[in-house]
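Biologist: I'd like to learn how to read helix packing. Can you walk me through it?

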Amino acid sequence: MYAKQAILSVVVGASVFSVSCNNTKKGTTEVTDWNENNSFYNPSTLPYQTADFSKIKNKDFKPALLEGMRRQIKAIDKITSTTDEATFDNTLVALEKSSELLDRVSSVFYLLTGAHTNDELKAVSNELAPKFAAHNDAIYLNDALFQRIKKLHDNLKDLNLTSEQERLVEVYYQNFEKAGANLSQTDKEKLKELNQTIATLNNQFGDKLLAATKQGGVSFTKEELSGLSTSELDAIKQENGTYLIDLNNTTQQPDLDKLTNKETRKKLFEQAWIRAEKGDENDTRSTLIELAHKRAEKAKLLGFDNYAAWSLQGTMAQTPDNAIKILKDLSPFAVNSAKEEAKEIQDLINKEADPFTLTAADWNYYAEKIREEKYALNQNDLKPYFEMNSVMENGVFYMAKQLYGLSFKERTDIPVWQEDVKVYEIFNEDGSQVGLFYADYYQRNSKRGGAWMNNIVGQSKLLNQLPVIYNVGNFPKPAAGQPTLLSLDNVITMYHEFGHALHGFFADQTYPTLSGTSVSRDFVEFPSQFHEHFAFEPSILKNYAKHYQTGEVIPDELVNKIKKASNFNKGYSLTELLGASVIDMEWHIIDSNTKITDAIAFEQEALKKYGLDLATVPPRYRSTYFSHIFAGGYAAGYYSYKWSEMLDYDAYQWLEQNGGMTRENGQILRDKVFSKGNSMPLEVMYKDFRGKDPSIDALLKYSGFTK
């Protein structure tokens, strides 16, 4: 299910470990244009302290971010300059509070640069990227600060702390060590330079890819687009009479399953395939090679064989070998199944009047025909029952009510960043407030590809904050006056992203660093993937899947077809995801001496090494447009989708074995898993809930690979 590759933008917690930046000179920062006219000058007075998008201007961000950095450095100087013995309160509590302004500004800045950017914001992002890295280093490589944390860590048993406080000490210590706090001063200076270079390259890759994707849109005549509906054509019609299909940030494109013209499919697929390797200013190949090399250099400096070994500290997998093992264990099931699916498609093509050899560009079109033939399931038959607002309000929200007792109230009085965004207030069964939710689902040129969740305000009892969370999608916007009808994949994406949101809303931590989604990458996708299951749970489905014109509930016949087809094309979907995962891992297990001159050749060798080099099943992301790992936070971490899916299916098996979707089970999940944040080791948390360690058995069974 493609939704499982949704992008989760994780700005971890709302603390020093979130997004930090600085231009320091002897602990101070030169700041200009910071005054009472800046929209961030005072905390928001809106409900839940949410951002007032009606007042925020592009010009506010740079001075506010710089002032936020200055204040944090000043607060840290106060922590380190005291002669008082290090205590939990005067060191870690003070550190947790030090980034209040920076968190408040950066959360909005990264929301807009991801979901509604412009040239001015991109320029600020590029200018501040190395400063962000420098500021991060000014904290993590501050030896006086680290020595205070180390003293707390070394004397942990004598401090009489709560379990959450002990966990905070441990997490800070681990993160400082991981960041290089134990390096010599000379090596710290080298690390600072590397971090700034890496931050700049990350930004460059993201900007190039955004431009390449935007410019890579493909123009067609109406005749070439046979298979698209009238409403779909109307939505992409240009003023000059041509039709423009914008690219999604994946290998396969959404319209390929409908286009009847083989040459049209080929043209669209190939343009998506080469979008960022045209030898122009938006070609990402040299950028990603340099970035991979710099990451390897950083790992070596920090005492690790490769970047993956360094990066996987603190995750459930812990080592590259463990992460690679799950990919290797799944690969034979995926590839064998994909080959069977390819043979079935080729047999269908061979029956046509003008047969040809199956290509990757043709897969989705013929897979859809087989889906229709075997299960009589046509996406166009389903879409009228999946009207976007109904899926959200009568499906996703209804699920949250049935499982967790939540209720939702739309708020039209709270400013948004773009006119299509909706806002909802969330309440518990007893009427107490949970938080504020923003939904931003439509595709637009100012938004990066994919789908993700993040916080505007993070939950924290220390800071007296309830969560303010947003979900972002990239659903095609229909022509004016037309309903938004979603595909199956888009429906699943909505449940997936709201699963992330629930993880954030259920947060119940005192300290922002440990709150909500501030967990390792191979755990953070577990809540989102788990909640995908409820998209087609009968009681939920019948509540939201109603024909947008007649109000007719989706017929049992269609529901049964969805169930029967649920594991259709599983070999393909798993193989393309594993392909992307091994590409990621191979880029990040190189050592600092590895010489790479050809990114595409390196990628092909990586796929071949794992037996995943199937011509008809390309990786979900190629290196050149793999924004997760070269512009996002998933470097050496894309395996985590499969690791989290292992947890997801294992937990869902528990649910089925214990009575299914009941309010009682929902409360157990909330209390034992989804509200815990990073307040305890994740493997311990999961075992406390499940009574055993997770395995891939349930994943293989529910996915139809084993019986």
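**Reading helix packing**

Modeller: Helices here are DSSP runs of H or I, at least four residues, numbered from the N terminus. This is a predicted model, where local features need pLDDT of at least 70 and side-chain atom pairs count only at pLDDT 80 or more, while totals for chains, interfaces and linings use all residues. Residues are numbered from 1 along each chain as its sequence is written, and side-chain values use heavy atoms, leaving out hydrogens and water.

Biologist: What angle do α15 and α16 make, and how far apart are their axes?

Modeller: Two packed helices are described by the angle between their axes and the distance between the axes. Here α15 (residues 388-404) packs on α16 (residues 488-505) at about 45 degrees, axes 11 Å apart. The axes are lines fitted to C-alpha atoms over the stretch in contact, with angles from 0 to 180 degrees between N-to-C directions. So α15 is oblique to α16 (under 35 degrees is roughly parallel, over 145 roughly antiparallel, 65 to 115 roughly perpendicular, the rest oblique).

Biologist: Which residues of α9 and α13 meet?

Modeller: K262, R265, K266 and F269 in α9 meet A360, A361, D362, Y365 and Y366 in α13, contact meaning heavy atoms within 4.5 Å. They divide into five nonpolar, no polar and four charged (Ala, Val, Leu, Ile, Met, Phe, Trp, Tyr, Cys and Pro are nonpolar; Asp, Glu, Lys and Arg charged; the others, Gly among them, polar).

Methods
Helix = DSSP H or I, 4+ residues; strand = E, 2+ residues; numbered from the N terminus.
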